[in-house]
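Got the viewer open and a cartoon on screen? Here is a walk through it, one selection after another.

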Amino acid sequence: MKESYWGYWLVILGVFVVVIMLLIQNVTSNNAEDSYTIKQISEAALIDAVDYAYYREYGELRITREKFIESFLRRFADTASLTTKYKITFTGIYEAPPKVSVEVTSQTNTYVVATDTETFDMSSRVDAILEQND
């Protein structure tokens, strides 16, 4: 019986550590970090979405819209916080010449004072253009 209590304490300790890690992640994430992350993800997704067949045939850069959105969402999901709600808006995607505008709004905190509830939404917008050097 004494050994089973150690197992219970180990499970409780594991849950406690996970909760502490989620709280620390929520506190350390801020708007500057989010906008830098969005910039890096947009660059990588633009490079992933380049249509190389079109480039070989015509010598001009062109991206595929669906491939950019898929790559951006996949990369963003890998780095996003699990405790924050995000709204991603693609305000402009041009295939040729490659230009994208992405806006990410995150609802960071909700504060309750007396009976009033206040929410703070942080919005980051990135405009990215992919160009080639001849």
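Start by selecting Ser101: at 3% relative accessibility this residue counts as buried, where buried means under 20% relative accessible area, exposed over 50%, and partly exposed in between (1.4 Å probe, protein chains only). Ser101 has its place in strand 2; helices (H or I, at least four residues) and strands (E, at least two) are DSSP runs, numbered from the N terminus. Now show what surrounds Ser101: leaving out residues up to four places away in sequence, it touches Thr89, Phe90, Thr91, Gly92, Arg125, Val126 and Asp127, a contact being heavy atoms within 4.5 Å.

A word on what you are looking at: this is a predicted model, in which local features need pLDDT of at least 70 and side-chain atom pairs count only at pLDDT 80 or more, while totals for chains, interfaces and linings use all residues. Residues are numbered from 1 along each chain as its sequence is written, and side-chain values use heavy atoms, with hydrogens and water left out.

**Stop two: the core**

Select Leu46, Ile63, Phe68, Phe72, Phe76 and Val100 and show their side chains. Of the 19 residues in the largest nonpolar core, these six touch the most other members. Such a core is a set of buried Ala, Val, Leu, Ile, Met, Phe, Trp, Tyr and Cys residues joined through side-chain atoms within 4.5 Å. Helix 2 gives the largest share, four residues.

Next, zoom in on Phe68. Its relative accessible area is 0%, so Phe68 is buried. Not counting residues up to four places away in sequence, Phe68 touches Ser42, Ala45, Leu46, Ala49, Phe90, Ile93, Val100 and Val102.

**Stop three: the rings**

Keep Phe68 in view and switch to aromatic side chains. A search of the whole structure finds seven aromatic pairs. Rings of Phe, Tyr and Trp (its six-membered ring) pair if their centres lie within 6.5 Å; planes under 30 degrees apart count as stacked, over 60 as edge-to-face and the rest as tilted.

How are the rings of Phe68 and Phe90 arranged, stacked or edge-to-face? Their centres are 6.1 Å apart and their planes stand at 75°, so the pair is edge-to-face. This pair links distant parts of the chain, with Phe68 in helix 4 and Phe90 in strand 1 (residues 85–94), 22 residues apart. Phe90 is partly exposed, with a relative accessible area of 23%.

For another arrangement, pick Phe72 and Phe76. The centres of these rings are 6.1 Å apart and the planes lie at 5°, so this pair is stacked. Both residues lie in helix 4, four residues apart, which is about one turn of the helix. Phe72 is buried at a relative accessible area of 0%, and Phe76, at 7% relative accessibility, also counts as buried.

Now select Phe68, Phe72, Phe76, Tyr86 and Phe90 together: ring pairs link them into a cluster.

**Stop four: the charges**

Time to colour by charge. The structure holds four salt bridges, each a side-chain nitrogen of Lys or Arg within 4 Å of a carboxyl oxygen of Asp or Glu. Centre on Asp48, which at 27% relative accessibility counts as partly exposed. Asp48 forms a salt bridge with Arg75, the closest N and O atoms being 2.7 Å apart. Asp48 lies in helix 2 and Arg75 in helix 4, so the pair ties together parts that are 27 residues apart in sequence.

Asp48 has another partner in Arg74, with the closest N and O atoms 3.9 Å apart. Arg74 is partly exposed, with a relative accessible area of 45%. Show the three side chains at once and you have a network of salt bridges linking Asp48, Arg74 and Arg75.

**Last stop: the loops**

Finish with Asp51 and Arg62, whose side chains meet in a salt bridge (3.3 Å, N to O). Asp51 is in the loop between helix 2 and helix 3 (52–58), and Arg62 is in the loop between helix 3 and helix 4, 11 residues apart. Asp51 is buried, with a relative accessible area of 19%, whereas Arg62 is partly exposed at 28%.
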